[in-house]
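Good morning, colleagues. Please turn to the structure on the screen, and I shall take you through the ligand site.

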Amino acid sequence: MSFEALGLHANLIRALTDSGYTKPTPVQEQAVPAAINGRDLMVSSQTGSGKTAAFMLPALHKLISADVVTYDNSKTPNQERQSARSRGDRPRFVAAKPKMLVLTPTRELALQVTTATDKYSAYSRRIKAVSILGGMPYPKQMQLLSRNPEILVATPGRLIDHMDSGKIDFSELQMLVLDEADRMLDMGFIDDIEKIVAATPATRQTMLFSATLDGVVGNMAKRITTDPMVIQIAGSASKHENIQQKVHFVDDLSHKNRMLDHLLRDESMDQAVVFTATKRDADTIADRLNIAGFAAAALHGDMHQGARNRTLDGLRRGQIRVLVATDVAARGIDVPGITHVFNYDLPKFPEDYVHRIGRTGRAGRKGLAVSLVNHAEGMHVKRIERFTKQLIPVDIIEGFEPKKTASAPRSAARKPGGWKPGDNRKSGGGGFSNSKPGQRSFSKPAGAGTGAAPRKEGSGGYKGNRSSEGSARRSFGDY
Ligand code: ADP
Ligand code: MG
């Protein structure tokens, strides 16, 4: 199968050739023709499998194709202002009328999607894509909006600010994409999404994409799509066979830190992401690693957007070798040099495990994902295994043997037990939020044992299980 066979516009094919893409990935093969035909889509496909192009190429194709763009007579906001001036009216801001909206959970992902769009539309200069994000100066965003871009890529909060102040008019919107759709339809974003969707025409085409979409198809997903085509790319790729996974048990924090330092000296390592549960730990560990001679930097939601962007640029350019991040970096970020992912703390929700490890092994490359697990966290590993329907082998490094062995016997022969479809997703979207009261919260740092410095709660991204009914799962943007 070739990109030509998918029916894409020649300008796009040219840009894809420049990008070094020779043939479509499986998700692109299935999603592109369906999206060109105007179908609503719900697509799940492994991390790093090319989902961005799977929604952006058909969208660009439709925008480029003259028969779809029916607004050529309409004036751009700038032209509108000029004619207002010539009429002697006071110039006023004219709302941007995008044709396509992509919503993402993080600013970093929105910027990355915009960059990819610019790459794919390199020979389609009439098409403009801009990012609308929190943390970016308003005048800059007004200037971007005044160009009347066809495509907006946005995080929900700032988008709603602009909607409320009349800067964006969605009456001509044709396509809505929710990238990382399960996260976008999570409790924390749901009100924003409802509001945005309500402002768009019912005739729009809606496309939901994620690596972990199966099972979370809640009412909201059903409400915002019309007769969606469900595309699930199964097979070896969905098992993350290109990503080797391991668990190392640790006795305490100092054991964990020594092991991390050791693992970061792996010669096969190019770049790594170390995931922590809290913003404070991301800072502390990045500082410590820097002192130890690693080119490390932190990334989390308390940093200014400028610093966040510089850090990610540094990672992309290879100047930063170890990124120490909260889950703000768990979804979507595509840096091919990332060979290793470390869970310094386990994620609170099993689907986040899948997204975290998916920062490595991009576009079919190989990767290694290592979780440093306290003995008390064995249950959490099991939940992840139930979610991924895979066992994560426990490994022991010579010289770093844990004093204790795992509480429950784990053997490679054991099957991930008792999994039923839907098990992971009870009322509140499930996962770890179903843990019983009194059970150790997953987000709490594991500081048990001798030699462990007590670590304070409080700067944490996730606030633990806040309600027993399992709603209000997360506080968004707070990682
Ligand atoms: P996902 O959203 O599924 O996690 P991305 O869209 O971020 O994946 O793509 C992952 C990587 O694969 C990116 O670096 C992208 O440039 C690359 N890629 C996408 N499609 C192709 C293709 N058809 N051929 C080669 N590389 C591709
Ligand atoms: Mg993606």
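The model is predicted: local features need pLDDT of at least 70, side-chain atom pairs count only at pLDDT 80 or more, and totals for chains, interfaces and linings use all residues. Side-chain values use heavy atoms, without hydrogens and water.

Domain 1 (4–232) and domain 2 (243–475) both contribute residues to the shell around ligand 1, so the ligand lies between them; the bounds come from an automatic or database domain assignment. Of the 17 residues around ligand 1, Y21, Q28, G48, T52 and D334 come nearest, where a residue is near if one of its heavy atoms lies within 4 Å.

Now the polar contacts, pairs of N or O atoms within 3.5 Å. An oxygen atom of ligand 1 is 2.5 Å from a side-chain N or O atom of Y21. For the side chain of K51, the corresponding distance from a ligand oxygen is 2.8 Å. A nitrogen atom of ligand 1 lies 2.9 Å from a polar backbone atom of K23.

Key
Residues are numbered from 1 along each chain as its sequence is written. Chains are lettered from A and ligands numbered from 1 in the order in which they are written. A polar contact is a pair of N or O atoms within 3.5 Å; within protein, one must be able to donate a hydrogen and the other to accept it, and residues adjacent in sequence count only if both atoms are side-chain atoms.
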